[in-house]
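Have a look at the model below before reading on.

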Amino acid sequence: MKYSQKFGLLLLLSLILAFAMAGCSNESDADSENSDEQVEIKLGYYSSGSADEKMEELIDQFEERHPNIKVTTQNAPYSQFFQKLDTQIAGNNAPDVWLSDGVLVSKYAERGAAKDVTDWIERDLNKDEYYGLDFNKDASGKYFAVPQGIQIGALFYNKDMFDEAGVDYPDDTWTWDQLQETASQLTIDANGKRATDDGFNSEAVNQYGMTFFNITEGWMPVLKSFGGGVLDEELKNSVIDSEENKQAMEWIVDGMQKGVLTDPSDLQSFQSPMSPFPSGTAAMRIGIYARVLAANETGINYDVTVLPKGPDGKRFAPVIANSWIVNNNSSDKKAEAAWEWVKFWVTEDEVQKEWAELGEAVPVKKSVANSDLFLNSGDNKINKQAFLDSFEFAGTLDTNAVWSEWLQKFNDNINRAFLNETSIEEALQQADKEVKKVLDDFYKE
């Protein structure tokens, strides 16, 4: 009897232990299966010519490294891509990760489409190793995107035109007043007279001292370096109607009236408002890094330096951090797989190097941006260090959820001042009024 009881007890314990081990084994197997479980994500990006082929190559490399992640793609030319994306976001069927123009990151973040990736960045990235992370940070310190490539502004100048005029090349000591003074010596009318000569005809300019175009490569760097701007630090209130902006606008309008800077009507005679500098019709321009490609293609003899200082020594370089956004409405599994793509892009030196070779943007990873691969690449050796130095005083374009809307209102008004259709004071006051309405309609509903 005692033997039988002992045997039964041992058998029961053995069975319990066996079930427990089986449970552990099944749980372990399940974890293993989960870690290798196949997941498919959709990646969206806007087409940019030759870069599309490289993007596909990098996606193939990513899939080789992550055999459990299948990537499908969605791409289209810029305007069509973002039009479709907005429709998809509204219908809750947007890609799991997409490449956003840097000026639109705030729009997606504030409207709930972009996932908060702060914890993932803190866990997986050493922030000191990268350029541009903070340009995707909101006022509360949360991150909603990770840069794919950086566009930052610098001063481009045509060395042959400077040599012909016998004037010194620009450098980091220049102010905006010095720029305009030199631009006057580089502006030539149809009769060969320079803007500094008697009889110069500002209505018939063949060579401009400086071309001036849009927010990024036109008025924002000037406004900011004069101490002005469009929005306050919270990016929810207008600061347009200010004395600093008035001084900056006076500098711009003065240059346009003299024929030294291109005004909006001057640009209509060109195939593109971006073409005066690469076509050799303007001696200088404010340009983001991508403008290197067009300048190299046309073969002009040029170089770059940092943008000039304002009256009080302030300098401002506009920055656009084109960035990867993870869809806030994707499942956890897809979002985590999408984050693996983002990590692959920014942490892998080889990926950064391959993309840098295209020459489209400043690399995100500092070690690659500061290497010979970036700084000394290409046949035309220009001062690319100027782009990296400009991060010291770089800033965004006052981007927020309604950036496109307020920008249209601002442009409409200041262009009237540029064309001498209204006074600077009236243009700024009206712009302030219309931009405030756009902001209030969104933020104070």
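Trp341 is in contact (heavy atoms within 4.5 Å) with Leu43, Met55, Leu58, Ile59, Phe62, Val97 and Trp324, leaving aside neighbours within four places in sequence. This is a predicted model, where local features need pLDDT of at least 70, side-chain atom pairs count only at pLDDT 80 or more, and totals for chains, interfaces and linings use all residues. Residues are numbered from 1 along each chain as its sequence is written, and side-chain values use heavy atoms, with hydrogens and water left out.

Trp341 is also among the members that touch the most others in the largest nonpolar core, a group of 103 residues. Such a core joins buried Ala, Val, Leu, Ile, Met, Phe, Trp, Tyr and Cys residues through side-chain atoms within 4.5 Å, buried being under 20% relative accessible area with a 1.4 Å probe, protein chains only.

Now to the pockets. A pocket is an open set of points on a 1 Å grid where a 1.4 Å probe fits, with protein on both sides within 12 Å along at least five of seven lines; lining residues have an atom within 4 Å of a point. Volume is the space filled by probe spheres set on the points.

| Pocket | Volume |
|---|---|
| Largest pocket | about 1,200 Å³ |
| Second largest pocket | about 820 Å³ |

Which residues lie nearest the centre of the largest pocket? They are Glu217, Met274, Ile288, Ala290 and Arg291, out of 48 lining residues. In the second largest pocket, Lys137, Glu233, Leu235, Thr396 and Thr399 are the closest to the centre among 32 lining residues.

Methods:
Buried means under 20% relative accessible area, exposed over 50%, partly exposed in between (1.4 Å probe, protein chains only).
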